[in-house]
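Subject: Structure for your files

Hello,

Here is the structure I said I would pass on, followed by notes on what turned up when I went through it. Please read them with the structure open.

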Amino acid sequence: EWREESIDDVPDIEAQNNNFWGFSTAGITRGKDTVTEAFFELETPIVRDLPYAKDITLNVSARWSDYDSYGSDTTYRGSLQYVVNPTLSFRATVGTSFRPPDLYEQFLGDQIGFVSNLNDPCNNFGSSGLRPGDPVYDNCLSQGLPLDYRATTSISSIVGGASDLAAETSKSKTFGVVFKPGDLGVSMAVDYFDITINDTVASPSVGFILSECYGTRGFTSPFCTRVGPRSNPGSQLAFVDASFVNIGEQNSVGVDTNIVYDMDTESGRFTLDMTATYLIEQNQELFGQVSRLAGRWGFPRWSAEAQARYNWRDYTVAWSVDYIGESKERPVVDPGTTNIDRIFRTPNYLSHAVSLRYAADDWELIGTVRNVFDKDPPFVSGGQGNEGASRVLNTLPGVGYDLLGRSFTVRFAKRFGK
């Protein structure tokens with residue numbers, strides 16, 4: 001396969017010249033790349049219908065990719081399926097992947113926008129739970145800011161492409177077993193996974209960059225080079241460069257378990273579907289520093305979801321449960337004391353949902369209640385350092401906790417034609 005890719009986006013000249021008050025500034029995004037690829041795949045049975053090997057099948061594939069902008073690379077994948085008998089089978093995969101930065105990530109013209117002043121870590125730092133010895137407290141103080149400092153203007157955010165980005169690569173391997181005992185209506189699968197991603201391309205958020213920079217003693221984080229000076233009057237943050245960058249290496253190791261139970265009744269069908277994940281390792285390397293995140297905020301050791309549903313004629317009723325296991329960060333102790341007065345643990349969390357669906361021939365209606373028992377997200381303290389998920393307003397968004405409380409939705413869908 002051969003293809004040419006190009007991007008050419010020219011914003012309004014007034015937007016390029018920053019002449020729209022209160023709006024973002026946009027630069028010209030222009031570039032192209034040429035790609036040549038070849039793909040190969042082979043699937044072949046190795047063994048069939050032997051006493052202890054009903055089926056063994058091997059699948060291998062490979063792809064060669066050549067980009068004018070990044071050169072060439074080869075990726076592969078191999079999988080083996082070993083069916084002992086209808087009750088027991090084993091499976092394994094190993095593979096790699098390769099993704100050069102896309103045209104947008106390479107050639108994006110600088111986009112200048114604004115983010116809330118609440119992202120400034122020094123906001124009211126003297127009475128936010130921080131104390132002398134905390135990196136944020138000491139760093140803010142070293143900039144000559146008063147303890148009751150308040151950021152009053154939005155922070156300029158610059159996001160642009162980067163021509164020196166490396167390609168993302170990954171390696172993965174999985175091993176699993178599937179168990180289906182007879183006519184009991186039960187199937188169980190257990191899979192071990194080990195996935196490593198190198199040089200992830202991302203545009204880090206302004207909040208993340210500021211948190212990383214101010215959270216290190218003496219502004220030693222490499223992200224501090226992306227934070228502009230504080231301007232006078234008011235010592236407000238001038239800008240933050242959130243352009244694309246290779247983040248580093250991420251490694252995830254764990255075990256997935258899935259159990260499904262199906263039972264036919266005189267009037268319908270009952271299904272119970274449960275999935276659980278145990279996280280063995282979750283490591284992140286960032287500019288030479290390795291963070292071990294398994295068990296920390298955002299990366300609980302255990303997580304699970306389950307759904308029980310019953311189908312009767314055109315109706316389906318379902319009850320779902322989401323589980324997020326406990327997590328914790330290293331406790332923060334005030335200098336010269338042994339008192340731990342900040343909340344650094346998140347407890348086990350359960351959220352429930354219920355839905356009712358009616359399906360006709362060409363339309364359906366679904367009503368859902370999410371977070372049935374109005375479960376609050378966990379509370380964590382300000383001034384508490386974190387290596388996992390970022391704290392926002394004393395909780396952890398983006399982890400899976402419901403932040404909105406109990407909610408109700410109704411969905412109607414109609415199919416037209418054949």
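**Serine 170 and its surroundings**

Leaving aside residues up to four places away in sequence, serine 170 touches Gly95, Thr96, Ser97, Thr196 and Ile197. Please keep in mind that this is a predicted model. Serine 170 sits in strand β9 and has a relative accessible area of 16%, so it counts as buried. One of its neighbours is also a polar partner: the side chains of serine 170 and serine 97 make a polar contact at 2.3 Å.

Serine 97 turns up again around threonine 75. That threonine belongs to strand β5, residues 71-83, and is buried at 13% relative accessibility. With residues up to four places away in sequence left out, threonine 75 touches Ser61, Ala62, Arg63, Thr96, Ser97 and Phe98.

**The chain as a whole**

There are four helices and 25 strands. The C-alpha atoms fill a box of roughly 80 × 55 × 50 Å along the principal axes. Of the 418 residues, 36% are buried. Taking contacts between residues at least 6 apart in sequence, 65% join residues at least 24 apart. The exposed surface comes to about 23800 Å², and carbon and sulfur atoms supply 55% of that.

On charge, the chain carries 36 positive and 53 negative side chains, and the centres of the two sets are 6 Å apart.

**Salt bridges**

Side chains of opposite charge can pair when their charged atoms come close. How many salt bridges does the structure hold? The count is 15. Three of them are described here.

Arginine 99 pairs with glutamate 168, with 3.1 Å between the closest N and O atoms. Because arginine 99 is in strand β6 (residues 88-99) and glutamate 168 is in strand β9 (residues 168-179), this bridge ties together parts 69 residues apart in sequence. Arginine 99 is partly exposed, at a relative accessible area of 30%, whereas glutamate 168 is buried at 15%. Strand β9 is also where serine 170 is found.

Lysine 414 and aspartate 362 form another bridge, the closest N and O atoms being 2.8 Å apart. The lysine lies in strand β25 (residues 407-414) and the aspartate in the loop between β23 (349-359) and β24 (363-370), so the pair ties together parts 52 residues apart in sequence. Both ends are partly exposed: lysine 414 has a relative accessibility of 36% and aspartate 362 one of 31%.

Glutamate 37 and arginine 63 also meet through their side chains in a salt bridge, at 3.5 Å from N to O. This pair links distant parts of the chain, 26 residues apart, with glutamate 37 in strand β3 (residues 29-50) and arginine 63 in strand β4 (residues 53-67). Is glutamate 37 buried or exposed? At 10% relative accessibility it counts as buried, being under the 20% cut-off. Arginine 63 is partly exposed at 32%.

**Helix α3**

Helix α3 covers residues 135-142, and Pro135, Val136, Tyr137, Asn139 and Cys140 in it are buried. Part of what covers these buried residues is α4 (206-214). At the start of the helix, a side-chain oxygen of aspartate 134 comes to within 2.9 Å of the backbone nitrogen of valine 136. After α3 comes glycine 144, which has a positive phi near 80°.

Two residues to look at here are asparagine 124 and aspartate 199. Asparagine 124 has a positive phi near 50° and is not a glycine. It lies in the loop between β7 (111-115) and α3 and is partly exposed, with a relative accessible area of 29%.

Aspartate 199 is likewise not a glycine, and its phi is positive at about 60°. Its place is the loop between β10 (186-198) and β11 (201-202), where aspartate 199 is partly exposed at 28% relative accessibility.

Regards

Terms used
Residues are numbered from 1 along each chain as its sequence is written. This is a predicted model: local features need pLDDT of at least 70, side-chain atom pairs count only at pLDDT 80 or more; totals for chains, interfaces and linings use all residues. Side-chain values use heavy atoms; hydrogens and water are left out. A salt bridge is a side-chain nitrogen of Lys or Arg within 4 Å of a carboxyl oxygen of Asp or Glu. Helices (H or I, at least four residues) and strands (E, at least two) are DSSP runs, numbered from the N terminus. Buried means under 20% relative accessible area, exposed over 50%, partly exposed in between (1.4 Å probe, protein chains only). Contact means heavy atoms within 4.5 Å. A polar contact is a pair of N or O atoms within 3.5 Å; within protein, one must be able to donate a hydrogen and the other to accept it, and residues adjacent in sequence count only if both atoms are side-chain atoms. Accessible areas come from the Shrake-Rupley method with a 1.4 Å probe; for residues, only the protein chains shown count as cover. Lys and Arg count as positive and Asp and Glu as negative; His and the chain ends are not counted. The place of a charge is taken as NZ of Lys, CZ of Arg, CG of Asp or CD of Glu.
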